[in-house]
Amino acid sequence: MRCAVEVTRGGVVESVHTVSVAICRMSPAGDEPEEVFGKADAAPGAAELPWVFARSAVKPLQAVPLVESGAAERFGLDDAELAVATGSHLGDAIHVATVRSLLAKAGLGPESLACGIHRPLGLAAAEAIAREGGQPQALHNNCSGKHAGMLAVCRHLGFSVAGYTAPDHPVQRMVSKTLCEFAGVAECDVVSGIDGCGIPALAMPLAAWARAYARFGSPSPQSLSSQRAVASQRLRQAIAAHPLCIAGAKQFDSVIAELLGPAVLVKTGAEGTLAGVVVDAGGATGLAVKAHDGAGRAARAVMAQLLTMLGVAKQPEAIAYLERESHEKLVNHAGTVVGSVRVVLPASA
């Protein structure tokens with residue numbers, strides 16, 4: 001399904017973002033996932049359904065081997081450390097401390113991180129470094145938690161820490177295999193690239209990512225092994241227990257986790273990708289969104305609209321938040337409302 005996100009000013013549509021949506025439903029019985037919107041077998045470049053590098057939108061799935069392998073148990077990782085391994089954090093003090101703790105429990109230090117260094121995404125963290133005359137470290141990288149989790153798996157399974165980001169390294173082969181199994185796609189049928197933090201990035205049809213999240217939310221042994229189902233559930237609960245660790249204060253992923261708990265998980269990725277799952281008594285619904293021009297605001301607006309349509313928000317605060325995100329007001333520097341960002345769904349949706 002494709003929809004539009006219109007940006008209006010003075011009653012005139014100033015710009016339009018085109019957004020593709022895939023929804024996949026998994027029943028409690030663990031039958032094959034039903035693709036509500038989209039088909040997962042479309043060829044690369046198919047106009048009706050894009051192939052997508054999900055980027056950071058699949059970090060929770062990439063963290064499954066951390067629990068499933070036994071590394072989390074062996075090193076005594078707590079929920080905050082598990083949550084930061086799934087996150088794209090702002091580089092705030094809480095994030096840096098949690099990643100450092102995860103590494104230390106695995107017998108490693110920050111020098112082991114190969115994610116690279118960038119200025120913290122959080123303004124407060126970046127300003128604090130500048131004020132103190134310091135320099136950003138790899139710990140401030142928004143992907144450092146994911147990398148720390150992968151390093152812990154290496155230590156647990158006896159893999160070499162050196163070169164752990166390479167596509168042919170055992171830990172990356174394990175992560176890629178896990179993603180493909182969740183998505184129901186053969187490894188030979190995916191497209192591989194390199195993510196911004198240096199690890200492999202996989203491209204699949206958008207519906208395959210929705211299918212992967214539907215399985216991630218399913219407790220059924222027919223769709224997941226009992227060990228994988230337990231790992232998936234533990235990660236969802238860890239994120240809900242420490243919502244700031246998946247992103248940061250006032251960030252979409254963290255606010256959703258805080259307001260809606262472990263039954264709803266969303267994860268933002270680069271270039272306008274956003275994916276997640278809604279778990280209910282009737283099963284699990286996987287969601288995947290791609291803004292074709294890479295606009296994150298469009299992806300967030302559509303995801304908020306989808307969550308509203310699924311009726312996940314019960315409390316007034318949650319309902320109001322989703323309404324604000326799907327119908328965002330544009331405010332200028334003087335505080336005046338000058339326009340809006342609104343989702344326009346097709347008539348058949």
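**Note on helix packing and strand pairing in a predicted model**

1. Start with helices α11 and α13. In this predicted model, α11 covers residues 252–260 and α13 covers residues 316–326. Their axes come within 10 Å and cross at roughly 155°. Angles over 145 degrees count as roughly antiparallel, so α11 is roughly antiparallel to α13. The crossing of α11 past α13 is left-handed.

2. Which residues of α11 and α13 make the contact? From α11 come F252, V255, I256, L259 and L260. From α13 come E317, A318, Y321, L322 and E325. By class, this contact has 8 nonpolar residues, 2 charged ones and no polar ones.

3. Helix α13 also meets α12. Helix α12 spans residues 296–309. The axes of α12 and α13 come within 7 Å and cross at roughly 140°. That angle makes α12 oblique to α13. Here too the crossing is left-handed, with α12 passing α13.

4. On the α12 side, the residues are R300, A301, A304, Q305, L307 and T308. They meet L322, E325 and S326 of α13. L322 and E325 also belong to the contact of α13 with α11. What is the class make-up of the contact of α12 with α13? There are 4 nonpolar, 3 polar and 2 charged residues.

5. Helices α7 and α8 form another packed pair. Helix α7 runs over residues 144–157, and helix α8 over residues 170–183. They pack at an angle of about 115°, with their axes 10 Å apart. That makes α7 roughly perpendicular to α8. The crossing of α7 past α8 is right-handed.

6. M150, V153, C154 and L157 are the α7 residues in this contact. Their counterparts in α8 are V171, Q172, M174 and V175. Of the residues in the contact of α7 with α8, 7 are nonpolar, 1 is polar and none is charged.

7. Turn to the open sheet of 3 strands. Its order is β4-β6-β5, and the pairing is antiparallel. Which strands are at the edges? They are β4 (51–53) and β5 (191–194), each of which pairs on one side only. Neighbouring strands of the sheet are turned by 30° against each other on average, direction ignored.

8. Within that sheet, β5 and β6 (residues 200–205) pair in the antiparallel sense over 4 bridges. For a landmark, find G193: its bridge partner in β6 is A201. Helix α9 (residues 206–216) packs on the sheet and touches β4 and β6. The direction of α9 makes about 105° with that of β6.

9. Strands β10 and β11 make a hairpin, with 5 residues between them. β10 is residues 327–331 and β11 is residues 337–344. Their antiparallel pairing has 5 bridges. E328 has V341 in β11 as its bridge partner. In the turn, check G335, which has a positive phi of about 85°.

10. What else does β11 pair with? Strand β1 (residues 2–9) is joined to β11 by 6 bridges, and the two run antiparallel. V5 stands opposite V343 in β11.

11. Last, confidence. The mean pLDDT of the protein is 92. Of its residues, 91% reach 70 or more.

Technical notes. Residues numbered from 1 in each chain as written. Predicted model: local features only at pLDDT ≥ 70, side-chain atom pairs only at ≥ 80, totals over all residues. Heavy atoms only, no water. Axes fitted to C-alpha atoms, helices over the stretch in contact; angles between N-to-C directions. Parallel < 35°, antiparallel > 145°, perpendicular 65-115°, else oblique. Left-handed = near helix turned anticlockwise from the far one by under 90°. Contact = heavy atoms within 4.5 Å. Nonpolar A, V, L, I, M, F, W, Y, C, P; charged D, E, K, R; others polar. Pairing = 2+ DSSP bridges. pLDDT = per-residue confidence, 0-100.
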